[in-house]
Structures are given as C-alpha cells and as structure tokens.
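The sequence and model come first.

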Amino acid sequence: MSRKITFLTLFLWLMTLTFPVIAQQKADTTYTFRFVTQKDMFYVPWNGNDTELARLLECIENNKTTILDGKLPLLVDGYCNSQSSEVKNLATAKIRANRVKSELITRAKIKEENFITHNHATGGDFVIVRLTVPAKETAAMDAEAEARRRAEAERLETETRAEQERLAEEQRKAEEARLAAEKAEAEKAAQQNTLADTPSETKITTDYHLSLRANLLRWATLTPDLGVEWRICPSWGIAVNGSWTSWTWSDKDHRYALWEVAPEVRYYMGEKKAWYLGALFKAGQFNYKLSETGKQGDLMGGGITAGYQLRLNKALTLDFNLGLGYLNADFEKYEVIDGVRVRRGNETKKWCGPINAGVTLVWKLF
C-alpha cells in the first residue's frame, strides 16, 4: 500500500514539473513554395505560391518584433533532385532558397541574419520555410484571423444591403419618372386633341405630300419646265425641276436649245410653314446662237435658295423663289459657214450671283 502511495506521489510531482513545459510547447508553422522542374526561378502566383506567400507574410508581420530580435529565426530548406548531379542539385536548391529569402527580405523588411538555411539534393523541387511559433500565439493568430474574416463578412453584407437599397431607390425613382412622363404625355395629347377640335388660322398642317410644279418664268421664255416635290414632313421637302427646249430660226442659222435638272432640299419655317430655305444643285447643257458666234457646252453649279409659298386654294399654291450661288460653264465657240459649224475655240465662264429664279405654280396631288 505504501508503494502505491509513493508511486502516486512521484507521478504527481513529475506532472507538476512538466505541465508548464507542455503549456509552453511550440508549434511549427510550415510554408511550402513550389518550383518548376530543373528551374530556379521563384514564380508567384504559380502553383499556389501566392497563397503560401500571403500566409507567411502575415505570420512574419504578427511576429516581426521577435524575428528581428533574433528570438524566432526563419528556417529555410531548399530542395532539388531534378538536376543531373548532386552538385547541381545543391546549387539549384541554394539559389531557390536565396530567391525565397530575397522575396521575404523585400516584402517583410527583415534581414539575412533572421534566416537559418539548409540545402538538400533530395526530396523534390520546392523550398520550405518554418517558424516555431508558440502555440498560444498561433491560437491568438487564428482568433485574430477569424475576427478579421467575420468583420470582412459583416462589411460585405452591409455593402450588399446598401447596394440593394440603392437599387431599390433607383427603381422607385425611375418608376415615378416613368409615371410622370406618361401623365405629361397624356396631358399633352389631350391638349393637342383640344386644339385640333378648335379652328385656328395659325395651326400648322401639312396639306400635301406630293405635288407637281411648273416654273411660269421658264414657260414665259418658251422653255417648258416641270417638276415634283415630296414633303417628307411639315418641315422638310425634296424638289426636282427639269427644263428642256430646242428652237431654231433663220434657216437654222440661229438656235436656242438647253436642258437642265435642278434637285433641291428645302427646310420650311414659321407657324404656317410658308417660308423656306434650301440647297440647290444644277446641271445641264446649252446651245445658243443668237448672233454670228454660237456657244455650246455644259454648265454645273449650286447654291442657296429662299422662297415663300402663297396658298391660292386647297389644290393650288404659288411658289416665289430666288437662288444665289455659283455656276461654271465650259463651252466652245463656233460659226456656221455654208451650213457647216466651224469651231472658233473653247472658253470657261464662272458666275457668282443669282443662279435661279421662279414663280412656280404648285398643284397638290395628295
């Protein structure tokens, strides 16, 4: 019985001595960095090296004071077994270890004397860094990391909730704006319908879309002229006029002949859309012989037109217009001798000023 008591007493005494040592036991923290076979370059983020490097840097930061004091060295082991000889394997393992240390010195601001390095010609293609961190500090680090993760999760949840509320507010405002726009459009349509039901002399209308045109000034000079106009909308129209004539007299010794085509784009202004501005292009050929010398050639030019339409009745309108711009005429001179044209040279005339005038009768088709 006394032996049992003695043994129990001795066991309790040993546990008393060893418990503080167990409580202060240190845990190794290991980080592995992978390298390409037969290569010594340290690739980040290749093969998970970025994750390991981030973990190691965080651990160094948490224990930086102890590391810089020399109480917690970083154990670096370089490995290589992919070269052709042991010497080459050891050299490659050394370079790999130095590259990892250089990365840590640069990023974590530690020194060469904070490392203990060993190189091996076996094992594989990697570098292992170990820190013997006290277990209680490791637990504190884990708790701190967990707290950071929870804080980040709460932050993300708050941001997500705020974004959802912002989107909901934007949708609400967009819906209110849409309803207000629909209400304003409905009120505008009702107002327009009211105006349409009320007779008004100044109400804007497009009372035709296609019309025939005849320039009475051209007809007065024995030059037949006809054209059409397409009113695309109340403010815009496209018109094309064409002229042709051919006269001879005095046994064909005198001649007056020409043809012209003049397309025009118009912009109508004002409440009644009676005034307009336009852009005109003109091209054609002529043959004049009103004296001993005749002129035959081509003309081309264009300019700006302005005009006013005076409504006569529902079907007819008078269009007064004037065009100012530039014309170029290239022609040859000739004389008629014994019924034969004899060329007397070429000439070019350029003209700036009025290029078109008209008092045009417009017949509205529809």
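Before looking up handedness, I wrote down the rule: a crossing is left-handed if the near helix is turned anticlockwise from the far one by less than a right angle, and right-handed if clockwise. Helices (H or I, at least four residues) and strands (E, at least two) are DSSP runs, numbered from the N terminus.

I noted that this is a predicted model, where local features need pLDDT of at least 70, side-chain atom pairs count only at pLDDT 80 or more, and totals for chains, interfaces and linings use all residues. Residues are numbered from 1 along each chain as its sequence is written, and side-chain values use heavy atoms, with hydrogens and water left out.

Entry one, the helices. I looked up the crossing of helix 2 and helix 4 and found it right-handed. On the helix 2 side, the contact (heavy atoms within 4.5 Å) is made by Leu53, Leu56, Leu57 and Ile60. Helix 4 supplies Glu103, Leu104, Arg107 and Ala108.

Entry two, the rings. Rings of Phe, Tyr and Trp (its six-membered ring) pair if their centres lie within 6.5 Å; planes under 30 degrees apart count as stacked, over 60 as edge-to-face and the rest as tilted. I found 9 aromatic pairs in the structure. One of them, Trp236 with Tyr267, is tilted, at 5.0 Å centre to centre and 50° between the planes. Trp236 is in strand 7 and Tyr267 in strand 8, so this pair ties together parts 31 residues apart in sequence. I also noted a cluster in which ring pairs link Tyr256, Phe286, Tyr288 and Phe331.
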